[in-house]
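I record what I looked up and what I found.

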Amino acid sequence: MPTKTSCLAAALALVCAATAGATETGSIVQAWPARQPQRDAALEARVDAALKTLTLRQKIGQMTQPEIRAITADEVREYGIGTVLNGGGGWPGDDRAATPAQWRALSEQFQAAALQATPGIPLLWGTDAVHGHNNVRGATLFPHNIALGATRDAALVRDIGRATARAVRASGLHWAFAPTLAVVQDVRWGRTYESFGADPALVRQLGQAAVEGLQEGLKDGRGVLATAKHYIADGGTRRGIDQGLAQTTPAELANVHGAGYLGALDAGVLTVMASFSSWTDTASHVEHGKMHGNATLLTGVLKERLAFDGLVVSDWDGVGQVPGCTDEHCPAAINAGIDVVMVPFKWKAFYANTLRDVEQGRIPMARIDDAVRRILRVKFSLAMTPAVPATMDALQARELGRRAVRESLVLLKHRPGLLPLKPTARVLVVGAAADSLAHQSGGWSVTWQGRDTSNADYPQGTSLLAALRQRLGDAQVMFDADGSQADPSRFDAVIAVLAETPYAEGEGDIRVTETLRHSARHPQDAAVLQRVASRGAPVVTLLYSGRPLYVNDLANQSDAFIAAWQPGTEGQGLADVLVAPAAGKTWPGFTGRLSFPWPAGPCQFSSHEAKPWWPVGGGLSGKETRATAKPLPEPADPKPICPL
């Protein structure tokens, strides 16, 4: 039988534990700046009135987000569904060639069904428009964010946001799952290219500009909802493992990984997407687990401390990673603060399970009402009817894309006088990627990973090879994909195009047993360069990549070396910098500067590398009169793997 003393000790232990937990939660919240809510009285009255018209079933329908391949208009009507999405590779009728008019027709079918189910409450359609409206065949695709970070041009990023919004609206959609606000700490992460850079201030500046551009004209049918993602520290995971574990102090979480969210909130962002990743507080040594179930960060910080009044959406089946949950059943995530649950294919089971959770008290009705109130607030903040025609022309912003390419290129090595090439130059182009719009565009291009596409999927695009032929003339440009047929000495210059295979999340990670050595991961590129180097013509090498890579061996075989990132569909922007302009016009030179350090060794994964080849801010203009320094060292890869 317990004594009074033991009972008192147990009670004190519980009190102490509760106090410690409250203190730890308080320190996490207090690390963020306090913001005050800004609400529109008329909008709030409209939201409250609409909320009163909804049944519990309809409220759960508002919170459920199926994928378009898994739902019909009749089911939207039956379940009162409030939002849908198309994933990468999800098109109307499973037709990747669907026109803007076909996209809009499906959107209008869903919308009509939703308004029949819940009069006055429209449906939202979200899409991963991360570098243009990249799911729609024929749209202009812009350079990925890593390239835009190299421009450091907020006005350019804002313009790209406007152009993307126009394209999304043309197809009848309302919501872009962008921008990514990651501050990447380890470039092995397969989503590094979705980040603007390693500097939190730059991510904040450009992230804010992206939101401003996307949401401009929301109320007149031009703008789309932006999404600040992935909240939070998606780019801070250990070893760059996608959906992995970020280990930081609360201060670092707020000041580094939170910087972009503060900029997005300043821009009035209306939606935030939760991260797949987990977080451990290294100050208190507390494991907080998956972000989708983290009430302290989703509610305590984002919704309360930062006064975010919009909606929080989960990532694709992200709730299923919360302990005790499945993809189709997760009261913990909803209680933590998720408002819209992206449950692409198991949505009917989710709907039934969530209804039962509310009826049996596992999810408070107040939490459901809060979620739906946020959803309605967002819906009533934009005009649903697009002010953009459903035409292919509305998907185009080619001159803007060309400018973005031109301004994002970073010259890492050069030989004075080599660039720009004369307009009369005879050029040998090698490397299969020179005529591949898939390699030029990277991941999230027509399909999710961006690999299973051909040039036919980019009917408005221009490869670098095509752009050079347009600029120099067909007779002046020879293409030898593997460099085995032509004699380089017969040409004024060789342009070699090397490239990472396109990738997106998960599949793009560099594993712990691998290095950043491009030659090891893509030996065919090293072989191409070996065949043309030092054979009588200077070699200008371009690298299409989603992150900085170790390329010392390749740079040593090149007279000029250019980080071209994944520039998108507008190859003319590459030719603008490689070839001298017409008489009377000024060559722009290379204005891009690195937003990540460029590694000097195969194991330099960190964004804080102390001795890189080039630091953040590095790059040449091409107008220097002195050649790049002596050959770079070529250290061997450590055995068996890089230091952990």
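I took axes as lines fitted to C-alpha atoms, for helices over the stretch in contact, with angles running from 0 to 180 degrees between N-to-C directions. Helices (H or I, at least four residues) and strands (E, at least two) are DSSP runs, numbered from the N terminus.

The model is predicted: local features need pLDDT of at least 70, side-chain atom pairs count only at pLDDT 80 or more, and totals for chains, interfaces and linings use all residues. Residues are numbered from 1 along each chain as its sequence is written, and side-chain values use heavy atoms, with hydrogens and water left out.

**Entry 1: helix 7**

I looked up the span of helix 7 (residues 154-170). Its 17 residues reach 24 Å from first C-alpha to last, close to the 24 Å expected at 1.5 Å a residue; the expected span is 1.5 Å times one less than the number of residues.

At the N-terminal end, Asp 153 caps helix 7, with a side-chain oxygen 3.1 Å from the backbone nitrogen of Ala 155. After helix 7 comes Gly 172, whose phi is positive, near 90°.

I then checked burial (buried is under 20% relative accessible area, exposed over 50%, partly exposed in between; 1.4 Å probe, protein chains only). Helix 7 is largely enclosed by the rest of the structure, because 12 of its 17 residues are buried. Among them are Leu 156, Ile 160 and Arg 169.

**Entry 2: helix 7 against helix 8**

Helix 7 packs with helix 8 (residues 200-215) at an angle of about 35°, the axes being 7 Å apart. I noted the residues in contact (heavy atoms within 4.5 Å).

**Entry 3: Ser 314**

Is Ser 314 buried or exposed? I found Ser 314 buried, at a relative accessible area of 0%. Ser 314 is in the loop between strand 10 (311-313) and helix 12 (331-336). A polar atom of its side chain lies 2.8 Å from the backbone nitrogen of Met 342. Leaving aside neighbours within four places in sequence, Ser 314 has contacts that include Met 273, His 292 and Met 342.

**Entry 4: Pro 386**

Pro 386 is in the loop between helix 14 (365-379) and helix 15. I recorded Pro 386 as partly exposed, at 24% relative accessibility. Leaving aside neighbours within four places in sequence, Pro 386 is in contact with Arg 104, Arg 169 and Gly 221. Arg 169 is also one of the buried residues of helix 7.

Note on methods:
Polar contact = N/O pair within 3.5 Å; in protein donor to acceptor, adjacent residues only side chain to side chain.
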